[in-house]
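Subject: Handing over a structure

Hi there,

I am passing this structure on to you, and my notes come with it. Please open it first and then read on.

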Amino acid sequence: MKKTFVVSLILCTIISQAQTLKLGGRFQKTQEMYWENGVSAQYSFAKFKPNQFFIGFDYVTSRLGSAYNSNAIKQDNYIFSGSWQFNKNKPYHFVTRLNMGYFYSDLEEEIFNEIPNTAFLFSPEIGFTFNIPQVPVSLNFGTGYYIITEKEGYSPGTLQPLYFHLDIYYTLFKKHI
């Protein structure tokens, strides 16, 4: 109960200070590998570069993509990001993003216990965002490159460096300054 109250208080504080809150879905394809889908959230704070600097969180999984009803490896990506949008006052923006996170692949069988199945994620990304006029929906196209620092054979085999994604956001609220 006490933890729930503290977490709720922190979330309310963050949301009350947010300039813009966008929530949506993410559709991602790793080059020559899996389709992954998930959720995405982006926050912009009123007191620091509103609608220009965003922090975000993405959860992307093959469980809702290639691994859904198939034998594809189930993998999860937990990604925290910081992004910068150029052309702040126009409906389209060029975006640069820096991502950090964690990758996990569920190999399911004990026979695969010796194979690496986790990795630290770090990727620079570039993209393009378009805010659809008259509706609180925006589309974000991006491509990134995971910098894999492990020696060959020590990172998960399904973690490939180049990926592409489409995020569809619904803006829950947007304060005007």
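Below is what I found in it, starting with the whole chain and then going to single residues.

Please keep in mind that this is a predicted model, in which local features need pLDDT of at least 70, side-chain atom pairs count only at pLDDT 80 or more, and totals for chains, interfaces and linings use all residues. Residues are numbered from 1 along each chain as its sequence is written, and side-chain values use heavy atoms, with hydrogens and water left out.

**The whole chain**

The protein has one helix and eight strands; helices (H or I, at least four residues) and strands (E, at least two) are DSSP runs, numbered from the N terminus. Reading from the N terminus, the order is α-β-β-β-β-β-β-β-β. The C-alpha trace spans about 55 × 40 × 30 Å along its principal axes.

Of the 177 residues, 36% are buried. Here buried means under 20% relative accessible area, exposed means over 50%, and partly exposed is in between (1.4 Å probe, protein chains only). The protein exposes about 10800 Å², and carbon and sulfur atoms supply 65% of that area. Accessible areas come from the Shrake-Rupley method with a 1.4 Å probe; for residues, only the protein chains shown count as cover.

How far apart in sequence are the residues that touch? Among contacts (heavy atoms within 4.5 Å) between residues at least 6 apart in sequence, 55% join residues at least 24 apart.

The charges are worth a look too: the mean positions of the 15 positive and 13 negative charges are 21 Å apart. Lys and Arg count as positive and Asp and Glu as negative, while His and the chain ends are not counted. The place of a charge is taken as NZ of Lys, CZ of Arg, CG of Asp or CD of Glu.

T30 belongs to strand β1, residues 18-30. T30 is buried, at 5% relative accessibility. Not counting residues up to four places away in sequence, T30 touches E36, Q160, L162 and Y163.

In strand β2 you will find N37, which is buried with a relative accessible area of 17%. Its side chain reaches the backbone oxygen of L64 at 2.8 Å. Apart from neighbours within four places in sequence, the contacts of N37 include R26, F27, Q28, Y59 and L64.

S40 also lies in strand β2, and S40 is buried, with a relative accessible area of 4%. The side chains of S40 and D58 are joined by a polar contact of 2.4 Å. A polar contact is a pair of N or O atoms within 3.5 Å; within protein, one must be able to donate a hydrogen and the other to accept it, and residues adjacent in sequence count only if both atoms are side-chain atoms. Beyond neighbours within four places in sequence, S40 is in contact with residues including K22, F57, D167 and Y169.

**Two asparagines in loops**

N51 sits in the loop between β2 (35-45) and β3 (53-61). N51 is not a glycine, yet has a positive phi of about 60°. N69, in the loop between β3 and β4 (74-85), likewise has a positive phi, of about 55°, without being a glycine. Are these two buried or exposed? N51 is buried, at 16% relative accessible area, whereas N69 is exposed, at 72%.

**Aromatic pairs**

The structure holds six aromatic pairs. Rings of Phe, Tyr and Trp (its six-membered ring) pair if their centres lie within 6.5 Å; planes under 30 degrees apart count as stacked, over 60 as edge-to-face and the rest as tilted.

One of the pairs is F57 with F80, which is tilted, at 5.0 Å centre to centre and 50° between the planes. This pair links distant parts of the chain, with F57 in strand β3 and F80 in strand β4, 23 residues apart. F57 is partly exposed, at 29% relative accessibility, and F80 is exposed, at 53%.

F94 and F128 make an edge-to-face pair, 5.6 Å centre to centre with 65° between the planes. F94 is in strand β5 (residues 92-106) and F128 in strand β6 (residues 118-131), 34 residues apart. Both are partly exposed: F94 at 46% and F128 at 30%. Together with Y92, F94 and F128 form one aromatic cluster.

Enjoy exploring it!

Best wishes
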